[in-house]
Amino acid sequence: MRAFLAMGTVLAVLVGLPGTVLGDTPSAGDRASVPVAAQIERLVEDAGSELQAFYALRDHRPAWHDRETVAAFAAALHTLDGDGLRPADYRPDALVAGHRQADASEQPGEQARFDLHATRMLMTALEHLQRGKVDPSGLETHWEVPVEAPALDPAAISRAIDGQRFEQAFAEARPSYAPYERLRTGLARYRNIERLGGWEPFPQEPRVLRPGDVDDAVVLLRSRLAVIGELEVMAANVDAFPEARLETPDLRRYDTTLEAAVKRFQRRHLLEVDGIVGPQTRRALNVPVEARIDQIRVNLERSRWLLHGLPETFVLVDIAGYQLRYFRPNGEVWRSRIVVGRPYRRTPSLRSEITHMTVNPSWTIPPTIRRNDVLPEVRRDLGYLWRERIQVLSPSGQPLDPWEVDWDNPGNVVLRQAPGPHNALGKVAIRFPNDHMVYLHDTPSQGLFSRQQRAFSSGCIRVEGVLEFAQLLFDDTDSGRNIHGLIEAGRTRNVSLGEPVPVILHYWTVNPDEDGELAFRPDIYERDEALLRALDRPLAL
């Protein structure tokens with residue numbers, strides 16, 4: 001994060017602006033503000049450390065005595081709409097009116113109080129752009145991603161005020177990663193669609209539209225996809241989409257160009273990519289533009305929580321997008337499909353470091369799965385234990401005879417699945433410390449990776465091609481290990497990486513895809529609504 005960090009050089013281009021920083025020769029205006037400075041010095045004693053540092057740097061001289069400066073700040077606050085924030089939270093109109101009232105009163109105390117208020121508002125806006133307005137730990141019970149408060153640079157803020165460079169200050173404060181800027185671009189685009197009237201609802205009917213159909217509904221489908229640019233993409237990229245043969249369209253006929261556009265729409269909304277407009281595709285087509293705008297806004301906020309201080313090498317698990325990306329030291333990005341937790345066994349958001357792998361792992365069945373899934377099967381048929389190669393152990397690890405266990409009241413028996421081809425963890429588990437006992441792992445259930453929506457696990461993350469991923473981790477951390485040799489040895493063992501690799505598990509329901517277009521995902525954990533309410537809740541200032 002470049003902006004306004006303590007000891008940073010952000011906004012250094014503004015040096016040399018008129019006397020604002022301690023040590024400059026006071027101007028006539030500064031001498032006239034001495035009574036206000038005295039009031040600021042008194043009031044700031046009860047303010048936070050950031051305000052104290054800011055005014056100490058200025059020798060307690062006021063920052064907002066100029067009407068044009070306040071007006072420029074108020075105008076800049078309106079631009080926060082482009083980040084999905086609510087400009088009204090920062091009271092831009094009230095700032096202008098408050099300055100006019102304080103200036104007219106000629107009371108140093110009132111002018112000092114306004115000065116502190118305006119500075120606090122600027123700092124609040126910068127903090128919200130850097131780390132988000134909403135505290136995620138208050139929304140998600142098992143949140144485990146640290147969102148540290150930014151250390152603002154009072155000198156950079158002072159120079160920004162005196163230079164009236166507020167929009168530049170905001171640009172420096174927001175996350176400097178490409179996905180964030182693409183979300184901002186997408187928000188502007190969908191707001192423009194809203195201004196132009198949005199899109200007409202597609203009729204919810206039991207019948208489906210298939211390629212080759214001739215129907216009045218095809219005209220509406222064509223119009224709907226044109227609004228969001230899917231048809232234009234087909235026309236502009238005919239070589240990349242050979243199935244989209246450009247034809248002189250009969251607007252009522254579902255032709256190959258329209259079919260390719262529908263498939264692209266389905267792919268970007270994690271629907272089955274079959275070109276058939278059935279119930280699920282109709283529902284996605286009928287999400288109002290206002291709802292898509294809100295969806296982008298909440299994901300901009302999620303990005304502000306996460307997109308800061310990222311290392312060059314790390315593993316990013318996109319829960320709602322069912323994708324893992326490994327950003328390698330050589331600049332390459334390795335991608336894979338994943339399976340995540342069911343809605344009632346959610347994969348948590350967290351930030352940790354991959355430290356080691358378990359090769360040929362056994363699987364100690366977690367308490368929830370043991371209680372809800374395994375014990376009911378065992379009570380129906382004790383042979384389930386043998387078929388699934390599940391050992392019954394005492395809490396100290398001693399083998400028990402399954403026939404001697406009261407399965408209606410088994411107590412603290414441990415159930416452990418032996419290593420092998422049917423083990424739920426497959427051939428390797430990739431470990432990182434966390435409070436939720438989750439990890440990345442192989443799976444014998446490879447067929448699930450072909451699904452578009454893949455929330456089938458009990459919280460851990462199954463990774464397609466995990467052996468290739470494991471070998472890349474070994475190679476990139478100079479461990480000198482060969483994953484296939486370790487597996488062929490047949491022994492269950494933990495193997496450390498040469499050095500830890502950061503890993504982030506996070507949840508986005510909108511994210512730019514590889515060509516920069518926004519991909520909308522189902523809110524499988526139903527988190528968007530609560531975040532939107534919190535984002536729209538007025539600030540308590």
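What covers the buried residues of helix 4? I worked from a predicted model, and in it I found that the cover includes helix 5, helix 6 (108-131), helix 7 (154-163) and helix 8.

**Entry on helix 4**

I then listed the buried residues of helix 4, which are Thr69, Val70, Phe73, Ala74, Ala76 and Leu77. Looking down the axis of helix 4, I saw that these buried residues fall within an arc of 160°, so they line one face of the helix. I noted beside this that an α-helix has 3.6 residues a turn, so residues three or four places apart point the same way.

I also checked the length of helix 4: its 12 residues should span 16 Å at 1.5 Å a residue, and the end C-alpha atoms are 17 Å apart, which agrees. At the N-terminal end of helix 4 I found a cap provided by aspartate 66, with a side-chain oxygen 3.0 Å from the backbone nitrogen of glutamate 68.

**Entry on salt bridges**

How many salt bridges does the structure hold? I recorded 24 of them, and I followed a few in detail.

I began with aspartate 83, which forms a salt bridge with arginine 174, the closest N and O atoms lying 2.8 Å apart. This pair links distant parts of the chain, since aspartate 83 is in the loop between helix 4 (67-78) and helix 5 (92-105), while arginine 174 is in the loop between helix 8 (166-173) and helix 9 (178-195), 91 residues apart. Buried or exposed, I asked of aspartate 83? Its relative accessible area is 0%, so I put aspartate 83 down as buried, and arginine 174 is buried as well, at 10%.

Aspartate 83 also meets the side chain of arginine 184 in a salt bridge of 3.1 Å, N to O. Arginine 184 lies in helix 9 and aspartate 83 in the loop between helix 4 and helix 5, so this pair ties together parts that are 101 residues apart in sequence. Arginine 184 has a relative accessibility of 18% and therefore counts as buried, the limit being 20%. Taking these residues together, I noted that Asp83, Arg174, Glu181 and Arg184 are linked in a network of salt bridges.

I next looked at glutamate 464, which forms a salt bridge with arginine 337, the closest N and O atoms being 2.8 Å apart. Here the pair joins glutamate 464, in the loop between strand 11 (461-463) and helix 17 (466-476), to arginine 337 in strand 3, 127 residues apart. Glutamate 464 counts as partly exposed at 23% relative accessibility, and arginine 337 counts as partly exposed at 34%.

**Entry on two further arginines**

Where is arginine 345 found? I located arginine 345 in the loop between strand 3 (333-341) and strand 4 (350-359), and its relative accessibility of 10% makes it count as buried. The side chain of arginine 345 is joined to that of serine 458 by a polar contact of 3.1 Å. Beyond its neighbours within four places in sequence, the contacts of arginine 345 include Thr368, Asn372, Asp373 and Gly459.

Finally I turned to arginine 224, which lies in helix 10 (residues 216-227) and counts as buried at 3% relative accessibility. Not counting residues up to four places away in sequence, arginine 224 touches Trp199, Phe265, Ala284, Leu285 and Val287. I also noted that arginine 224 and glutamate 200, 24 residues apart in sequence, are 7.2 Å apart in space, C-alpha to C-alpha.

Terms used:
Residues are numbered from 1 along each chain as its sequence is written. This is a predicted model: local features need pLDDT of at least 70, side-chain atom pairs count only at pLDDT 80 or more; totals for chains, interfaces and linings use all residues. Side-chain values use heavy atoms; hydrogens and water are left out. Helices (H or I, at least four residues) and strands (E, at least two) are DSSP runs, numbered from the N terminus. Buried means under 20% relative accessible area, exposed over 50%, partly exposed in between (1.4 Å probe, protein chains only). A polar contact is a pair of N or O atoms within 3.5 Å; within protein, one must be able to donate a hydrogen and the other to accept it, and residues adjacent in sequence count only if both atoms are side-chain atoms. Contact means heavy atoms within 4.5 Å. A salt bridge is a side-chain nitrogen of Lys or Arg within 4 Å of a carboxyl oxygen of Asp or Glu. The expected span of a helix is 1.5 Å times one less than its number of residues. The arc is that of the directions from the helix axis to the C-beta atoms.
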